[in-house]
Amino acid sequence: MAREDNRSVHMIHADGKLGEVQIADEVVAIIAGLAATEVEGVASMAGNITNELISRLGMKNLSKGVKVLVTDRNVDVDLALNIEYGYSIMKVSEKVQDKVKAAIENMTGLEVSMVNIRIASVNMEKVR
């Protein structure tokens, strides 16, 4: 299987009969970004677009605000979030950590070691 030079690709399954399955770091980042934005209280990923624009602009924008490090079968995730005003940062962060961990592990079979969250800003639009 050809490997693109601009992104890291990791083997997640090798079968002598049919071949291998590889996954790009950016795919793991997109999974994390989608899972995080589904949590109530998360306005958006920092440096990201809103969910309404995703279908028009493409999936590549979902990985903004997400950094993943894949080593062997372990994943470390760093997320930068914009949170809605009025929500508990601790509760929203915990839900995001749980949802991102579950999404990555269920979809890829990789083990998530840590999900670090940085709150980049608070969205005040609904307050005005």
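User: Which side chain meets lysine 101 in a salt bridge, and at what N to O distance?

Analyst: Happy to take that one, with the note that this is a predicted model. The salt bridge is made with the side chain of glutamate 105, N to O, at 2.7 Å.

User: Is glutamate 105 buried or partly exposed?

Analyst: Good thing to check. The cut-off for buried is under 20% relative accessible area. Glutamate 105 has 24% relative accessibility, so this residue counts as partly exposed.

User: How many salt bridges are there by this rule?

Analyst: Let's list them. Lysine 101 and glutamate 105 form one of them. The side chains of glutamate 38 and lysine 99 also meet in a salt bridge, at 3.2 Å from N to O. The count comes to two.

User: How many residues apart are glutamate 38 and lysine 99?

Analyst: This pair links distant parts of the chain. Glutamate 38 sits in the loop between helix H1 (25-37) and strand E3 (42-45), while lysine 99 belongs to helix H3 (residues 89-108). Glutamate 38 is exposed at 52% relative accessible area, and lysine 99 is partly exposed at 33%. Their separation is 61 residues.

User: Which residue's side chain does asparagine 82 join through a polar contact?

Analyst: Asparagine 82 lies in strand E5 (residues 74-84). With a relative accessible area of 14%, asparagine 82 is buried. Its side chain makes a polar contact of 2.8 Å with that of serine 121.

Technical notes
Residues numbered from 1 in each chain as written. Predicted model: local features only at pLDDT ≥ 70, side-chain atom pairs only at ≥ 80, totals over all residues. Heavy atoms only, no water. Salt bridge = Lys/Arg side-chain N within 4 Å of Asp/Glu carboxyl O. Helix = DSSP H or I, 4+ residues; strand = E, 2+ residues; numbered from the N terminus. Buried < 20%, exposed > 50% of the residue type's maximum accessible area, 1.4 Å probe, protein only. Polar contact = N/O pair within 3.5 Å; in protein donor to acceptor, adjacent residues only side chain to side chain.
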